[in-house]
Every structure is written in structure tokens, then in C-alpha cells.
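User: Hello! I am new to this structure and would like to understand the terms used for it. Could you walk me through it?

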Amino acid sequence: MTSVVELESVNVHYAKNWALRDVTASFPAGAVGLLGPNGAGKSTLIKSVLGLLAPDRGQMRVLGLDVRRSPLQIRSRIGYMPESDAHFPQMNAVSFVAYCGELSGLPRADAMQRAHEVLYYVGLGEARYRTIDQYSTGMKQRIKLAQALVHDPDLLFLDEPTNGMDPKGRDEMLELIRDIAHNKGLNLILSSHLLPDVEFACDHVIVMDKGAIATAGPIAGLKGPGGRVFELRIKGDSDRFIGVLRSAGLECHATDEDVMRVFVPDDRGAPFLFQLASQEQVQVRHLRASVPTLEDVFAKAVGEES
Amino acid sequence: MPIHDQGYRRYQGQRVPVGRAWWTMARMHLITAFKRRWFLVLVFAGFARFLGYAAFYIVGPVFIPQMSNFAELTPQIFRNFLNGQSFFVFLVTIVLGGLIADDRRANALQLYLSKPLTRVEYILGKAAPLLILILGLTLVPALCLILLQIVFSGSITFLVNNLFLLPAITLASITRALVSTFMILALSSLSKSRRFVAIMYAGIIFFTLAMQQVLRGITGSRAWAAIAPTNMMDVFTDWVFRVRGPQPVPVYVAILVIVGLIVLSAWILERRVRPVEVVS
């Protein structure tokens with residue numbers, strides 16, 4: 001199977017707002033990042049695929065099964081880690097995860113055994129008998145991952161899994177996600193607005209913006225070969241110079257106050273930038289060939305205003 | 001070695017077919033409820049009443065024949081028994097009233113409904129523990145009373161003479177359980193606080209009783225009894241037990257109110273039990 005999720009002309013709207021507009025996409029097996037700014041429609045897309053939201057129009061297939069016809073069969077083979085805090089009240093972690101395993105179709109004894117294993121795996125082994133109400137935000141993220149993993153799904157949906165985590169916890173969570181996708185053989189779809197998270201854990205990316213697919217493909221392919229992106233800082237009117245660069249056929253976007261990233265689509269390279277600067281009498285303060293990042297892909301796909 | 005290398009392995013065992021998750025839910029809720037000692041005491045107290053009835057009306061007259069003069073077992077005794085159990089039914093309903101409200105507070109609905117179970121199964125999983133406990137406090141002990149009567153009298157004459165008791169007990173108990181369960185679950189789906197649900201439920205029960213008294217006082221009509229669900233349950237129970245009750249409301253009105261309450265509750269549940277709440 002080459003695609004784990006296939007969408008065809010999917011439309012979802014809330015009241016007067018279109019959350020998904022004619023979305024057609026194919027999520028390949030492996031680790032796929034679903035990237036986009038807040039409000040791009042990522043969570044709506046995941047909820048539609050899970051069958052939690054009924055789309056107004058369109059076809060969706062998950063693991064080869066039609067979402068409308070076989071929602072329960074699909075849900076028994078997937079794991080879902082929601083964005084917001086979610087747990088069953090008055091339960092300790094191991095009971096909670098075992099209960100989730102049972103709900104997903106594991107026999108009772110197996111669910112309990114796997115709950116212990118998965119809690120160790122996500123790093124909550126020592127805290128597994130504490131009630132979830134006592135957990136920190138980072139621990140709650142881990143327990144959500146554990147409940148999504150306990151029944152050994154074929155496909156994992158992770159909705160903003162690093163939300164609210166401290167840097168160390170975030171790194172550990174990303175390591176876990178990467179390990180799940182690359183060493184444990186699970187397919188996963190990681191929805192995030194954080195580019196480094198997706199770049200670290202995933203091989204493919206689908207970028208969403210304003211309810212539509214902006215771009216999609218393997219991350220390495222989308223970033224293109226190195227050496228064509230330059231970090232540039234100038235002394236002078238940045239906005240005017242960005243306009244000059246764009247009129248010269250270069251893609252350019254500002255990253256912070258005075259640094260811009262310039263895409264040179266051919267082999268003209270740095271001399272061409274110096275030449276343009278000289279023509280415009282702009283002083284180049286800093287020019288460095290840079291490795292293209294997912295940020296560049298994202299900026300190209302959704303534009304700087306996002 | 002990183003901690004994540006210690007654990008995860010693919011599952012090789014046999015999975016349970018989909019469609020049984022509701023029972024997993026129901027079992028978990030029952031286990032959780034019975035972990036509280038005071039809840040055990042409450043259920044035992046409800047059952048103790050059965051023991052009292054059995055001792056007084058069935059076992060006592062066998063060993064002390066003089067008792068049969070004032071402790072004769074009649075169909076009215078079964079009616080009274082079910083009426084008395086209403087208090088325990090009310091308490092159990094109140095205690096388990098937060099089943100959906102707790103899930104709403106903890107944002108657990110989307111978690112449940114992302115598992116292989118439908119909304120109907122979810123509601124069934126919440127309703128089953130209530131139904132089991134309520135029927136365990138009404139139907140089961142009432143049927144046990146009949147069984148004990150047969151065992152201790154050594155004949156089935158009483159049952160044969162009052163054969164209508166079996167459907168009457170079953171119908172009255174199931175109707176009572178359904179109304180209580182649907183009402184409390186509907187209220188539970190409207191709130192995130194189990195306390196508020198309990199207050200709302202108690203409010204509906206007691207406020208409607210008080211209101212019908214007030215309206216009856218003002219208008220002089222006894223038909224106002226129809227606004228209190230408790231009265232309608234009594235009218236229906238009196239009818240199935242073939243006894244004349246104090247309420248002047250016709251039984252078809254009682255049936256209409258009962259069906260209306262269940263339909264209204266089901267409609268509320270259909271609207272409120274959703275994995276994604278869309279605010280328009």
C-alpha cells in the first residue's frame with residue numbers, strides 16, 4: 001500500500017466558514033507532517049478522516065477503507081492523540097491506558113500488559129499509578145501518546161503533540177515520534193504548526209493553508225539541492241530591495257528584522273546578488289549560502305503573510 | 001539506552017471484534033462505582049429492604065403462623081415494595097448522574113468516539129450501569145420475593161392466582177429504570193459538573209411535585225399531577241399492578257408523559273453527545 005490516507009475533493013464548513021476547501025491529497029506510508037499555520041484546517045482534516053466530522057462533500061479512504069462505510073474498522077486500526085487535554089476522569093495512568101486498549105479491541109489481560117509496556121516506552125513507567133489529574137502538561141501529552149499507541153495501530157494521528165511542553169520534554173517527545181515512525185514500523189501523520197518538529201520527525205510533508213493544500217511531497221525533495229538559498233542582510237531599504245530581487249525572478253522572504261532568505265533558482269548564485277546590490281547601491285552586510293529548510297518550503301507555499 | 005528502546009513491540013494477539021466496547025465502558029463504570037464504600041452501603045441498604053420484606057411477609061409466617069394474620073402477601077405488597085425502592089433508585093441515579101458530565105469536563109468524548117464505538121454504543125455504555133443498578137434494586141428483588149414465596153410455601157398457587165405480577169413487576173421496573181436513566185443522562189450531557197446534574201435532576205423531581213401542589217391549590221384541578229414525572233410513574237405502576245392510585249390522571253396521559261420524557265431525553269443526547277462541538 002503506497003498511501004495510508006487518500007482524500008478527494010473534501011469540503012468541510014463551520015457555519016459560513018469553509019474549514020476545508022476541495023482538499024485532494026494522498027498521505028504516503030511512513031511519517032508525514034501536516035503543516036500549516038493555526039486555523040489552516042489541519043485538525044479539521046484529521047477529525048474528518050477519523051469520522052468525527054462529516055464532510056459536506058468528498059471521498060476519504062484510510063488504510064484502504066472508506067471512511068463513510070467502515071468508520072469502526074478504521075478506528076480500530078488507528079490511534080489518535082488529540083490536541084487538547086483529554087482523559088477519563090478518576091483514573092490512574094495504567095488503568096486509563098489499559099481501558100483505552102480495551103475500548104480499541106484488545107482483550108482485557110493483553111490491554112493491561114501493553115499499558116505497562118507502552119507507559120514505560122513513553123517515559124511514564126514510574127508515574128503510572130498516579131491519577132492523571134496530578135500530571136504535568138508534558139506528562140499529559142505523553143499519556144495521550146500512550147493511549148493512542150496501546151492497541152498497536154497501523155496509523156497514528158498526532159495533533160500538535162508537543163504543545164505546552166518544555167524544551168527537554170519536547171525533544172524527548174520528538175525522539176519518541178521519530179522512533180515510532182522509523183524504527184517501530186508505524187505510519188504516522190503529525191499535525192503541527194511547528195516546522196522544526198515536522199522536519200525532525202517526518203519524511204514527507206503536506207502543507208495546508210486556509211483550508212487547502214498548499215504543497216506536498218518528500219521534505220528532501222521540496223527543499224531542493226543546497227546552495228541555492230542565501231541568507232542576506234543589507235544596509236538600506238529592505239522592502240525596496242526585496243521588490244528588486246523579486247522582479248529579477250528570485251524568491252525572497254524576510255525571516256526577522258533585517259535578515260532575508262533569498263532563493264536563487266539557477267546557478268547564478270552569490271555574484272548575481274552582489275550585482276543587484278551594486279546596481280541598487282545597497283550595501284551587503286552579510287551573505288551566506290544556507291541549507292534550505294522546511295521553513296523555506298513553508299514560506300514559499302503559504303507566503304510570508306501567514 | 002534511551003528509555004523508548006525498552007518497550008514498544010507490535011501486538012500479535014487476537015483482537016476482540018468491534019461492537020463490544022459499550023460493555024467495557026459499562027463494566028468500568030460499575031467497578032468504579034463499587035470501589036466507593038458508601039456506594040456499596042447504599043446498594044446494600046436498597047437490598048436490605050428486600051430482606052425485610054422477605055422476612056416479614058414470606059419467611060416469618062412460615063415459622064410463626066400467627067404472623068399471617070397481619071403479614072399476608074398480596075399484589076399490593078409488591079406495588080408498595082417497588083414504591084419504596086424509588087428512594088434508592090433516586091439516590092443511585094443521582095450518584096451516577098455525572099457519567100457524561102465528567103467526560104465533558106475532561107474532554108473525553110472525542111477520545112471515546114475516536115475509538116471503534118458509535119455514539120449509540122457510547123450512550124449504551126453509560127446507560128447500562130444505571131439500568132443494571134436500578135433493575136438490581138427493583139426488578140431483581142421483586143422477582144426474588146416471588147421466588148422465595150414459592151420456595152417457602154412449597155406451592156405455586158400464589159403465583160398462578162396472580163400471574164399478572166410477573167409482567168407488572170417487569171414493566172414497572174423497566175419503565176422506571178428507562179425514565180430515570182434517560183433523564184439523568186440527558187441532563188448529564190448538558191453540563192460539565194456532576195453536582196449541577198444532581199441538583200438539576202433533584203430539582204426536576206421535587207420542583208414538579210411542589211408545582212403541581214401549588215397549581216392544584218390555585219386552580220382546584222387535580223389534573224396538574226401530570227406535570228410531575230414521579231406522579232406519572234406512579235399512575236403507570238398502579239395501572240400495571242391493577243390497583244387504584246390517588247392520582248386522577250388517565251393512564252394514557254401517564255404513558256404519553258413517560259414516552260415524551262424518554263423521546264426528549266434521547267433527542268437531547270443525540271444533540272449533545274458529539275465528538276466535536278461546533279459553535280456557530
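User: At what angle do the axes of helix 7 and helix 9 of chain B cross?

Analyst: Welcome! A word on the source: this is a predicted model, in which local features need pLDDT of at least 70, side-chain atom pairs count only at pLDDT 80 or more, and totals for chains, interfaces and linings use all residues. Residues are numbered from 1 along each chain as its sequence is written, while chains are lettered from A and ligands numbered from 1 in the order in which they are written. Now the angle: helix 7 (residues 139-153) and helix 9 (residues 165-189) of chain B cross at roughly 165°, and their axes come within 9 Å. Axes are lines fitted to C-alpha atoms, for helices over the stretch in contact, and angles run from 0 to 180 degrees between N-to-C directions. Helices (H or I, at least four residues) and strands (E, at least two) are DSSP runs, numbered from the N terminus.

User: Why is helix 7 of chain B called roughly antiparallel to helix 9 of chain B?

Analyst: Angles under 35 degrees count as roughly parallel, over 145 as roughly antiparallel, 65 to 115 as roughly perpendicular and the rest as oblique. The crossing is at roughly 165°, which makes helix 7 of chain B roughly antiparallel to helix 9 of chain B.

User: Which residues of helix 7 of chain B make the contact?

Analyst: B:Leu139, B:Ala142, B:Leu143 and B:Ile146 do, meeting B:Leu165, B:Ile169, B:Thr170 and B:Ser173 of helix 9 of chain B. Being in contact requires C-beta atoms, placed from the backbone, within 7 Å.

User: What makes strand 1 and strand 2 of chain A a pair?

Analyst: Two strands pair if DSSP finds at least two bridges between them. Strand 1 (residues 3-14) and strand 2 (residues 17-28) of chain A have eight bridges, in the antiparallel sense, so they pair by that definition. One bridge partner of A:Val10 to look for is A:Val23 in strand 2 of chain A. The two strands form a hairpin with two residues between them, and A:Ala15 in the turn has a positive phi of about 50°.

User: Why is one side of strand 12 and of strand 14 of chain A left without a neighbour in the sheet?

Analyst: The open sheet has four strands in the order 12-13-11-14 (chain A), with antiparallel pairing. Strand 12 (251-254) and strand 14 (283-290) stand at the edges, each with a single partner strand, so one side of each has no neighbour in the sheet. Strand 11 (residues 229-235) of chain A joins strand 14 of chain A through seven bridges, and A:Ile234 stands opposite A:Val284.

Notes: Two residues are in contact if their C-beta atoms, placed from the backbone, lie within 7 Å.
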